[in-house]
Amino acid sequence: MDIEQENKRLQSTVKLLLRRIEQNHSIQQHFHAYEFKLLGCQCLRDLLNLLLIEAQRHFSLSAVSLVIIDSDYSVRELMEQLDLNDYGSALQMRNGVDFLNTLYPQTPEVSLGEMDVLTAGRIFPGAGRVVSTACMPLLRQDKLIGSLHFASDSNERFQPDMATDFLSRLASIVSVCLENCIGREHLSRQGKVDMLTQVNNRRSFEGELERELERAQRNQEPLSCMFVDVDHFKQINDQYGHQAGDLVLKHLAFEVSLQLRKTDFLARYGGEEFVVLAPRCPQAAAAGLAERIRAAVEAMVIDVCGAQKVRPTVSIGLATWCPEQEGRCDLQLVGHGLLAAADEVMYEAKRGGRNQVIDQLFELKEPLLQENSASEDNVSAKASR
Ligand SMILES: Nc1nc2c(ncn2[C@@H]2O[C@H](COP(=O)(O)OP(=O)(O)OP(=O)(O)O)[C@@H](O)[C@H]2O)c(=O)[nH]1
């Protein structure tokens with residue numbers, strides 16, 4: 001070969017290498033952009049949307065699926081509470097790692113290539129064409145916490161001899177993000193949820209009341225609030241013990257929650273007292289809801305201490321606020337007044353013999369704010385945002 005030929009050959013090799021470098025650079029940037037989004041996810045919903053919906057478009061895939069190991073059902077419970085049930089078979093929960101051990105028979109590391117029909121059916125149920133796949137084990141402290149899977153309709157996309165650096169890095173980042181988001185959601189729920197009954201706690205009720213009062217005023221819609229207090233609860237505790245009392249509270253909270261709409265808000269206000277906030281609910285409709293709650297509780301039979309049966313009842317006090325047609329009210333006063341009004345009629349229901357509902361309309365004595373104090377309020381509200 002003469003020197004000229006040799007040069008030509010070298011030039012074409014250099015060209016080819018340069019093209020490969022450019023391609024790799026562009027793939028790297030594409031991965032980086034996605035990784036930045038992953039790291040920016042603040043909640044589990046955003047993370048799952050990014051993994052299960054956006055990844056398909058971002059990486060031009062025919063299917064994506066995710067397996068999460070959830071041996072104590074805590075992630076499933078969390079998803080239920082967060083209303084995260086819209087990913088279908090793309091998201092699978094497994095009690096243990098047996099299934100993933102068959103996917104990664106030796107060491108859990110990224111594997112590329114074709115997949116047998118049976119496994120593809122289990123990993124991508126209902127997906128379109130699955131010709132080549134990338135399986136990425138998700139590991140934390142050397143333990144499998146899940147597995148992420150990409151499918152392509154091209155057999156050239158994922159081949160066993162390809163480098164797996166980008167995908168391995170992606171899997172590490174997904175593992176950290178998944179663990180962080182789940183942990184954060186658990187913590188945030190613990191701050192908002194009553195641990196015994198698993199309904200909202202008083203603190204989150206207070207925030208919700210503030211939001212709903214503002215909304216009611218803004219949209220000129222009625223807001224109803226009711227206290228639901230268990231009758232003679234001390235007797236239940238005294239007769240069957242504190243644990244039986246706890247069980248009654250748990251069942252009762254669940255039963256009350258079944259009577260509510262999605263937009264209603266149930267919280268344990270304290271001890272054996274619950275509070276329900278029903279937005280956009282006028283007095284008559286709220287009284288109907290309260291009566292349904294009362295009747296549902298009256299129909300309950302709770303087994304405690306083996307053969308013993310407890311039949312709890314509740315007294316309910318309901319107050320409804322209908323915002324003024326014009327002008328703005330001091331919402332803090334409305335909040336206090338609404339709760340006091342509901343509390344007042346709840347005690348009236350107790351005095352009247354218990355197991356009953358009493359309702360009343362709540363009105364502020366001095367409903368409207370003065371013009372200048374309204375604008376001051378606006379300023380401080382803006383400043384505190
Ligand atoms: N088991 C259990 N008991 C609780 C809990 N919180 C408060 N209690 C009990 O609830 C009881 C409430 O008693 P009271 O305030 O006298 O009310 P009551 O017996 O329901 O009577 P009325 O409300 O007048 O019908 C007290 O004995 C508290 O100790 C809890 O988390 N678990």
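Biologist: How many bridges join E6 to strand E11, and how do the two run?

Modeller: First, where this comes from: it's a predicted model, in which local features need pLDDT of at least 70 and side-chain atom pairs count only at pLDDT 80 or more, while totals for chains, interfaces and linings use all residues. Residues are numbered from 1 along each chain as its sequence is written. Now the general idea: strands of a sheet pair through backbone hydrogen bonds, either parallel or antiparallel. Strands (E, at least two residues) and helices (H or I, at least four) are DSSP runs, numbered from the N terminus, and two strands pair if DSSP finds at least two bridges between them. Here, E6 (residues 223-230) and E11 (residues 314-321) are joined by eight bridges and run antiparallel. Look at Leu223, opposite Trp321, and Ser224, opposite Thr320.

Biologist: What joins E6 to E8?

Modeller: Seven bridges, with E6 and E8 (residues 273-279) running antiparallel. Ser224 has Ala278 as its bridge partner in E8, and Asp229 stands opposite Glu273.

Biologist: In what order do the strands of the sheet lie?

Modeller: The order is E7-E8-E6-E11-E12, five strands in an open sheet with mixed pairing. E7 and E12 (357-362) are the edge strands, each pairing on one side only. From one strand to the next, the twist averages 20°. Six bridges join E11 to E12, and these two run parallel; in E12, Leu361 is the bridge partner of Thr320.

Biologist: Are the residues of E6 buried or exposed?

Modeller: We count neighbours: a residue is buried if 20 or more other C-beta atoms lie within 10 Å of its own, exposed if 12 or fewer, and partly exposed in between, with C-beta atoms placed from the backbone. In E6, eight of eight residues are buried. That covers both faces, with Leu223, Cys225, Phe227 and Asp229 on one side and Ser224, Met226, Val228 and Val230 on the other.

Biologist: Why is E11 described as largely enclosed by the rest of the structure?

Modeller: Because eight of its eight residues are buried. Val314, Ile316, Leu318 and Thr320 are on one side of E11, and Ser315, Gly317, Ala319 and Trp321 on the other. Gly270 is in E7 (residues 265-270), and its C-alpha atom is separated by 9.7 Å from that of Asp229, 41 residues apart along the chain.

Biologist: Which strands does H7 lie across?

Modeller: For angles, axes are lines fitted to C-alpha atoms, for helices over the stretch in contact, and the values run from 0 to 180 degrees between N-to-C directions. Contact means that two residues have C-beta atoms, placed from the backbone, within 7 Å. H7 lies across E6, E7, E8 and E11, at about 135° to E7. Helix H9 (residues 242-258) lies across E6, E7 and E8, at about 150° to E7.

Biologist: At roughly what angle do the axes of H7 and H11 cross?

Modeller: The axes of H7 (residues 202-219) and H11 (residues 331-351) cross at roughly 115° and come within 10 Å. That makes H7 roughly perpendicular to H11; angles under 35 degrees count as roughly parallel, over 145 as roughly antiparallel, 65 to 115 as roughly perpendicular and the rest as oblique.

Biologist: Which residues meet there?

Modeller: Leu209, Glu210, Leu213, Glu214 and Gln217 in H7 meet Leu331, Val334 and Gly335 in H11.
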